[in-house]
Amino acid sequence: MFVHRLAVATAIATYLLILIGGLVHGTGSSLACPDWPTCYGSLMPKMEGGVLVEHSHRLAAGTVLVMTLLLAISLARSATPVQRRLRPYGWLAVGLVIIQAVLGGVTVLLRLPTPISTAHTATSVLFFLNLLYIAVRSRPASAVAPAPRPLPARATLLALFAAVAVYFQMVLGGLVRHSGAALACTDVPLCRGAVWPDAHPTVLIHVLHRLNALVVAALVTTSSVMTFRSARERPGLRALALAAPVLVAVQIWLGIRAVLTFLDLATVEAHLGVATALLATQIIIVLRGRAEAAPGAFRVRWLRDIASLAKPRVTGLVVLTYAGGLWMAPGALERWRTIMGVVGVALLVGASNAFNMLMERDVDPLMERTRDRALPQGLVSPEAALVFATALMCGALPLLFLGGNLLTGLLGLLALVSYVGVYTPMKRRSGAALFVGAVPGAIPPLMGWTTVTGRLDAPALALFAVLFLWQIPHFLAIAVYRAADYARAGIKVLPLALSAATTRAIIVVFSVALVGATVVLEPLRVAGRGYALAAILLGLTLVGWAIAGFRRAATRAWARSLFLFSIVYLVLLFAALVIDRTVA
Ligand code: HEM
């Protein structure tokens, strides 16, 4: 019981430390002590004015550091097996508190650079979450009461999804605060009279924080309704499910008040306190709602396993198509925008892949192609996969909206939603899902184009058409030679629903349309004559290959060769484009 109580006390002390940290900024005391770790060269300076606030924060942080060390040692020496298995989390907490102290020191010494100050906020909340995890999981099981019935997996996964969204909203809030964007808009609910003003990215950080509050509110409320409904015999969980939407509503009201009162200290402080309480509520719902699984031992290989959910090679290829769009678009782009766009697309594609694997974890073990993935192999838990996917998504979208523009951000959102929300579930119901899945596949080059131009014009749409049309023969070819695999997993693909002749006819029609779309790039002045000639020759070969499917002897071997040729075709087509534009 001692270890559990110590963990609870350390979590509470950390909550208070976060509040004192908020006061440091709110009272403008961040640089009251110009040196670090001492203040004016002393461990105990004269406690008045800003020094009182800033040095109290340091003393509180020192106390939390000692408590965390004690907790880590107690976990390591605990006689209870569950507590001993929490050892890695104890040492993780020590690591995080040290990183946090160093970030705090660096931010003072470098005079509060925005990225470091925001990282300080982000790490403080992670550290708090880690302690909360230890506090909940270190509670000894009751000897008399039966273990409570866990919530359905869907309810805890949704609560976890909402929790990660709250976490990123807090990080975004930290960015608003530390980048000086808090009063970038003083009107509410619009910002400078618009939903998305044509303004500097600093203003847009503020706008994103406001708009995302609505997404967070919707997620928390939906999760609470589901938790409340499924936690019939668990009054504690039901109380938390009722508290969460109330906290969100209060939080939004405090945010609006912070703007309207020009950052009244009590309001801003309450905004930080309620945000942290809301996150704690969501996380406790997840931890108490799940079956009391003993924490698994941490393996370094796990990092590789979880990264594999993002399908790094596929992601790399998609980023290349985005870079292609960037490169082809007329006009120049600042380097920081290019970097933000490329990283944003990489994270977005990684998130889409990870969500897709999470949603297909039940059918993946049934297919030869997918049975070795990390989720069906049990190497990564669904919860970890969900946190990973959501974190990638939450990192990607601000980068695309801020580094690109509104149009690029919305296209990114459309790609994610159409892939994860429409295509992935539709795959089990209809072979026509292929045509939906081709939309997110074709959006990245379009995003590259719009990042530079900010417009959806004819060349951009032609580029989209090329990638969209190419995917149809490409994927139908895989579906033909993997049909048995898909049938086993219950995934509906067109070759299983249509006759062989119809499938082959679709392949030919889309190959012909593809050739048309590739040639159109020349009159649209995306590329010159040399490219057009190459596009026609490659296109004729592809169409010929597709027509060969009508031969009586055409079998799976033909489908496989068409699939492989479609890849070679795309590589050569883009090579022709690059050479043509470089020579011109
Ligand atoms: C679920 C909703 C929200 C959450 C979880 C949230 C969370 C946060 C957090 C954690 C901070 C950083 C505080 C700090 O570093 O001390 C912050 C800052 C801020 N938030 Fe929110 N927020 C939400 C909604 C809103 C809304 C709707 C508005 C305005 C309409 C708003 C306006 C602000 C402002 C102006 C700041 C900067 C305060 C300062 O500079 O001191 N927030 N938010």
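These legends describe close-up views of one predicted model.

View 1. The chain has 21 helices and 0 strands. Its C-alpha atoms fill a box of roughly 85 × 60 × 40 Å along the principal axes. A compact globule of 584 residues would have a radius of gyration near 25 Å, and the chain has 27 Å, which agrees. Buried residues account for 44% of the 584 residues. Take the contacts between residues at least 6 apart in sequence: 73% of them join residues at least 24 apart.

**View 2. Two domains are assigned in the chain.** Domain 1 covers residues 1–142. Domain 2 covers residues 459–584. Taken over C-alpha atoms, the centres of domain 1 and domain 2 are separated by 57 Å.

**View 3. A shell of residues surrounds the ligand.** The shell holds 29 residues. The closest are Met 170, Gly 173, Arg 177, Ala 182 and Gly 255. By class, 16 residues of the shell are nonpolar, 11 are polar and 2 are charged. Which helices each supply at least two residues of the shell? They are α1 (2–26), α6 (153–178), α7 (201–230), α8 (235–260) and α9 (265–289).

View 4. At 1.5 Å a residue, the 26 residues of α8 should span 38 Å. The end C-alpha atoms of α8 are 38 Å apart, which agrees. Just after α8 comes Phe 262, with a positive phi of about 55 degrees.

View 5. The buried residues in α8 include Leu 237, Leu 240, Ala 241 and Ala 244. Further along, Leu 247, Val 248 and Gln 251 are buried. An α-helix has 3.6 residues a turn, so residues three or four places apart point the same way. Which helices do the buried residues of α8 pack against? They pack against α7 and α9.

**View 6. Leu 320 lies in helix α11.** Helix α11 spans residues 312–328. Is Leu 320 buried or partly exposed? Leu 320 counts as partly exposed, because 14 C-beta neighbours lie inside 10 Å, and a buried residue needs 20 or more. Pro 197 is 123 residues from Leu 320 in sequence. In space, Leu 320 and Pro 197 are 31 Å apart, C-alpha to C-alpha.

Definitions and conventions
Residues are numbered from 1 along each chain as its sequence is written. This is a predicted model: local features need pLDDT of at least 70, side-chain atom pairs count only at pLDDT 80 or more; totals for chains, interfaces and linings use all residues. Domain bounds come from an automatic or database domain assignment. A residue is near a molecule or strand if its C-beta atom, placed from the backbone, lies within 6 Å of it. Helices (H or I, at least four residues) and strands (E, at least two) are DSSP runs, numbered from the N terminus. Ala, Val, Leu, Ile, Met, Phe, Trp, Tyr, Cys and Pro count as nonpolar, Asp, Glu, Lys and Arg as charged, and the others, Gly among them, as polar. A residue is buried if 20 or more other C-beta atoms lie within 10 Å of its own, exposed if 12 or fewer, and partly exposed in between; C-beta atoms are placed from the backbone. The radius of gyration is taken over C-alpha atoms; the globule rule is 2.2 Å times the number of residues to the power 0.38. Two residues are in contact if their C-beta atoms, placed from the backbone, lie within 7 Å. The expected span of a helix is 1.5 Å times one less than its number of residues.
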